[in-house]
Amino acid sequence: MRNQESLFYHQMAHLLDAGIALPEAIQSLIPQSPKSLQQKLNLIYQSLKMGDLPLTAFSQSGFGKLELALIEVAEQTGDLSGCFRQLAQHSERMEQLQQKLRAGLSYPIFLLFASPALINLYLLFQSSTSVYLKLLLKNYSCWIAIALGFFFFHRLLRSNYFYNSLLNQIPLLGGIRRRLAIARFTNAMAHMLEGGIPISRALKLASEASNNIVYTQNLEKAYLPLQQGTSLSESLTHTQMIPSFLMQILRTGETSGRLVESFQHLSKICLEEAENQIKIFAKVFPMLCYFGIVFYIGYQIITFYIGYLAKITAI
């Protein structure tokens, strides 16, 4: 099932292919869109009716860097319908990856949430139900406090360079973040170079489209050597943000004059690697949860029998 974002992009592509002007296409989709999207579309429509260019209208409505980068390309080429088709495909691929990650994590998260109730069942035999319920309330209060703390902490620091650097180094999850950032960057580069955007401008926009501040700031460092006459592949190599085997593909494409195809190939490789790492994570994380719960239950059993034997010895 398509998510609302990809559905919107598909509908826009079809309407524009049918010869409907951009403002009228936006206006026709407002009534049938979810409320979360209606406000954005209203702002875009009003901006377009005032004479603003599509890039200006969409940038004022909270669309992401990748979307804005491809819309800028579409302004240069005049192919807005093609732009929206590309965005629909990208949105669907990202949604598929997220669904796989959610599917792999749903049961382990449920198990972790239910674990306080399961591992403390022995209290029902040792003491009263009220003691068991009080312990559950204490445990779940701690879990909720930790979850809320992490949520607010993440929202506060999600644009912080050091915090994102740490997230990028988390085993498996960090690898997924890194591969998706490179996939977004190379995908944006391919579309912009294909649309005739100058390399220096494409580099800046694609770096922002990576949607990872660590990659954005480091990939932008390739701009200066590029301006000084260094090749694009060598400039990107100096940033050390793209693995060497991927850079080799890029060098080959640059030498052969097939740079756009090379960036497209890199994006495909990174998305496939991200998908494989998500599958691995979905297998490893449940195992870690199981081991953690078994270890805790074993600890409780040992503690119980040590206390029980101590009481017998004392008698």
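Modeller: One definition to start. A nonpolar core is a set of buried Ala, Val, Leu, Ile, Met, Phe, Trp, Tyr and Cys residues joined through side-chain atoms within 4.5 Å. Buried means under 20% relative accessible area, exposed over 50%, partly exposed in between, with a 1.4 Å probe and protein chains only. As for the source, this is a predicted model: local features need pLDDT of at least 70, side-chain atom pairs count only at pLDDT 80 or more, and totals for chains, interfaces and linings use all residues. Residues are numbered from 1 along each chain as its sequence is written, and side-chain values use heavy atoms, with hydrogens and water left out.

Colleague: Which residues touch the most other members of the largest nonpolar core?

Modeller: Ile26, Phe84, Leu236 and Phe263, in a core of 73 residues. Helix 10, residues 173–194, gives the most to this core: eleven residues.

Colleague: What does Phe263 touch?

Modeller: Skipping residues up to four places away in sequence, Phe263 touches Phe185, Thr186, Met189, Ala190, Leu193, Leu232, Leu236 and Leu250. Contact means heavy atoms within 4.5 Å.

Colleague: And serine 262, buried or exposed?

Modeller: Buried, because its relative accessibility is 7%. Serine 262 sits in helix 16, residues 259–314. Beyond its neighbours within four places in sequence, it contacts Ile249, Leu250 and Gly253.

Colleague: Switching topic. How many helices and strands?

Modeller: 16 helices and zero strands. Those are DSSP runs, numbered from the N terminus: helices are H or I with at least four residues, strands E with at least two.

Colleague: What about the radius of gyration?

Modeller: It is 26 Å, well over the 20 Å that the globule rule gives for 315 residues, so the protein is more spread out than a compact globule. The radius is taken over C-alpha atoms, and the rule is 2.2 Å times the number of residues to the power 0.38. Along the principal axes, the C-alpha atoms fill a box of roughly 90 × 50 × 30 Å.

Colleague: What share of the residues is buried?

Modeller: 42% of the 315.

Colleague: Last one. Where is alanine 222?

Modeller: In the loop between helix 12 (213–219) and helix 13 (223–227). Alanine 222 counts as buried, because its relative accessibility is 0%. Leaving out residues up to four places away in sequence, alanine 222 touches Leu203, Ser235, Leu236 and Thr239.

Colleague: How far is alanine 222 from glutamate 208?

Modeller: 13 Å in space, C-alpha to C-alpha, and 14 residues in sequence.
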